[in-house]
Structures are given as C-alpha cells and as structure tokens.
Amino acid sequence: YKCSQCNYSCQISGNLKSHIRTHTGEKPYKCNECNYSCKISGNLKKHMRTHTGEKPYKCSECKYSCSQAGTLKLHMRTHTGEKPYKCSVCNFSCSLAKNIKVHMRTHTGEKSYKCSECNYSYVDIGRFNLHLRIHTGEKPYKCSECKYSCSDVAALAKHTRIHSGEMPYKCSECNVSFTQAGHLRTHVQTQTGEKPYKCNEC
C-alpha cells in the first residue's frame with residue numbers, strides 16, 4: 001500500500017488510511033468531553049484518561065502510576081539512573097531529550113526566551129515563565145493550610161514544611177535538621193568556622 005502524496009508505504013491498508021490524514025488534516029476521532037480531536041483512535045483512548053483519571057501504567061519500584069506507557073518509561077530512569085542523552089561538548093548527560101536541548105544552549109550561548117518587559121533572556125522556558133510572574137504578579141501555587149501563595153512550586157514546597165514539620169536537611173556532624181538547604185549550609189559554616197563572605201573595604 002503506497003501513498004500517492006509521498007514515499008510512504010506499508011503492509012496494512014488501515015495504516016495507509018491513517019497516514020493519508022497527515023496530508024488531509026482530517027481528525028475523525030473526537031472527544032465527547034472537550035474539543036479535542038485526533039487522527040488515530042489510539043490517541044483518543046490516551047486522551048480520555050485525562051478525563052477519567054485512569055492510570056493503568058504502574059511503577060514496579062514505587063507507588064508512581066501514569067496514563068501513558070512512554071511516561072512510565074521516562075519515570076523508570078529515576079530508578080535505573082539511565083541517562084541516554086549525552087552532550088557532545090562536555091560530560092553532561094540526562095534522562096530527557098528536552099533537557100539536553102536546553103543544556104546545549106549553555107555552550108552556544110543561545111537564549112531563546114526573551115522578556116518583552118525588561119532585558120532578561122533565558123535558555124530554559126521554565127525559568128522564563130517563572131520570571132514573567134515578576135511582572136504579572138501571578139501566584140498560582142497556593143497553600144492548602146493557609147492563605148499563602150507564590151509564583152514558584154519550589155517555594156511552596158519550602159512553605160508547606162512549616163505546617164508538616166518536615167526537616168529533610170540533616171547535619172552529618174550533629175543531630176540538627178532543617179526545613180531548607182540554605183539553613184543547613186549556614187549551620188555547617190558555624191561548625192567548620194568557614195567565613196565565605198568577605199568585606200572588600202577592609
């Protein structure tokens with residue numbers, strides 16, 4: 001079975017029919033919950049899980065579960081330590097293709113994301129979006145225990161430790177533990193006598 005529009009060929013007629021839709025743009029499979037539509041029935045099945053909350057793919061190492069096989073494959077790398085994406089310039093490697101793309105910009109100097117409000121530019125869209133909230137004042141992350149809200153999910157994680165009492169940062173020299181890494185760092189400096197901040201006047 002050969003496509004009349006390009007060089008594509010296949011052994012199953014149904015596959016050719018699906019392929020033809022890449023040329024026609026036809027999306028016959030429609031979600032009855034929202035406006036989503038797609039060319040392949042399997043993609044609609046995956047999409048429906050966003051409505052049903054079904055997560056059939058479960059991690060054998062922890063309690064993580066997800067709606068797609070590909071997502072589980074990526075998650076498993078957190079257990080195996082596999083980092084298949086390697087930098088051709090330095091020793092950096094990572095588990096996600098998008099992260100190697102962002103990393104390469106540290107070598108090229110490319111900063112694709114530029115702020116229209118000020119002169120800031122970023123290599124990483126996540127940090128860029130975080131920066132934009134300085135201008136918009138948006139604080140989408142809200143504490144479920146109090147009225148606190150913030151622009152950064154990491155800041156919310158720090159804040160929630162006030163309520164939970166969790167202190168994940170522990171001193172290896174004594175029994176003291178802290179809610180934030182910075183507090184532990186300051187504590188360690190008092191133990192070692194390190195004074196990293198120097199006055200340039202005296």
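Which residues of helix 1 are buried? In helix 1, the buried ones are L16, H19 and R21, where buried means under 20% relative accessible area, exposed over 50%, and partly exposed in between, with a 1.4 Å probe and protein chains only.

Before I go on, the conditions. This is a predicted model, in which local features need pLDDT of at least 70 and side-chain atom pairs count only at pLDDT 80 or more, while totals for chains, interfaces and linings use all residues. Residues are numbered from 1 along each chain as its sequence is written, and side-chain values use heavy atoms, with hydrogens and water left out.

Back to helix 1. Helices (H or I, at least four residues) and strands (E, at least two) are DSSP runs, numbered from the N terminus. Helix 1 covers residues 13-24, which is 12 residues. From its first C-alpha to its last it reaches 17 Å, close to the 16 Å expected at 1.5 Å a residue; the expected span is 1.5 Å times one less than the number of residues. The cover over the buried residues of helix 1 includes strand 1, residues 29-30. Just after the helix, G25 takes a positive phi of about 80°.

Next, salt bridges. The rule is a side-chain nitrogen of Lys or Arg within 4 Å of a carboxyl oxygen of Asp or Glu. By that rule the count is 5. I will go through some of them.

R21 is buried at 7% relative accessible area, whereas E26 is partly exposed at 40%.

Another joins R77 and E82, at 3.5 Å from N to O. Here R77 is buried, with a relative accessibility of 11%, and E82 is partly exposed, with 41%.

Then there is R105 with E110, whose closest N and O atoms are 3.9 Å apart. R105 is buried at 9%, and E110 is partly exposed at 41%.

What else does R105 contact, leaving aside its neighbours within four places in sequence? The residue sits in helix 4, residues 97-108. With those neighbours left out, R105 is in contact with S112, Y113 and V123 as well as E110, contact meaning heavy atoms within 4.5 Å.

Now the cysteines. How many disulfides does the structure hold? The number is 0, a disulfide being a pair of cysteine sulfur atoms within 2.5 Å. C31 is buried, at 8% relative accessibility.

C199 gives a further case. Its sulfur lies 3.8 Å from the closest cysteine sulfur, which belongs to C202, and this is again too far for a bond. C199 is partly exposed, with a relative accessible area of 46%.

Last, the overall division. The protein is divided into domain 1, residues 13-79, and domain 2, residues 167-197; these bounds come from an automatic or database domain assignment. How far apart are the centres of the two domains? Taken over C-alpha atoms, the centres of domain 1 and domain 2 are separated by 46 Å.
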